[in-house]
Amino acid sequence: FEAISKTYNIIKNLDITTVCYSSKCPNISECFERGTATFMILGNICTRNCRFCNIKSAKPKPIDEKEKDKIAAAVKLLNLNYVVITSVDRDDLSDFGSLHFAEVINTVQSTNPSVKIEALTPDFKGDIKALNRLVLSGTYKLAHNIETVKRLHKKLKPKSSYSLSLKVLEYYSKFKLTKSSIIVGFGESIEEIEECMRDLINA
């Protein structure tokens, strides 16, 4: 429990938001024991309301301008060599939060030069300027989750688009290692999962 307490205290003392707590992830103790956490930036209130997610959906608060320094400090204190940074959707912002996202990544990297950073991003509504900010940032890997199969996408992610997610992944993959994830157990068939995998490979 010592490692879990250390990770918890560092995150709490620096007032950092993690997807671990906000999404009520069941694997939190396993990750904390290894001294890892997925940092969630741009607040803990999302402008979308995906049906599978426990993160609150409402009007978000202003951006914490000190967030980049807090996360950079946490990475150093936890002695991490690989970091995942994700965010809520910020459709309320003209740049969809992409500028802040890139600033956090670059601050973490400049403070911790040997760390590899994976950015798990929203779709930014497909805005090329927003996507390019992430492409040009100090990321090792870019990620965007398709989450579910095509048939269930609109039901589970009413404010998102299956085809747009594929376009975002296709764009990212032109520049950097690219990753996506799918959740199973929503009633999809094996054939639908295979179709989704083919769509991801083709993208």
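1. The chain's accessible surface is about 10,700 Å², computed by the Shrake-Rupley method with a 1.4 Å probe. Carbon and sulfur atoms account for 53% of that surface. The model is predicted: local features need pLDDT of at least 70, side-chain atom pairs count only at pLDDT 80 or more, and totals for chains, interfaces and linings use all residues. Residues are numbered from 1 along each chain as its sequence is written, and side-chain values use heavy atoms, with hydrogens and water left out.

2. Of 203 residues, 45% are buried (under 20% relative accessible area; exposed is over 50%, partly exposed in between; 1.4 Å probe, protein chains only). The chain has nine helices and seven strands (DSSP runs numbered from the N terminus: H or I of at least four residues, E of at least two).

3. Helix H4 spans residues 67-77. Its buried residues include Glu67, Lys70 and Ile71.

4. For Cys50, the nearest cysteine sulfur is that of Cys46, 6.4 Å away. Cys53 is partly exposed, at 31% relative accessible area.

5. Among contacts (heavy atoms within 4.5 Å) between residues at least 6 apart in sequence, 70% join residues at least 24 apart.

Technical notes. Disulfide = S-S within 2.5 Å.
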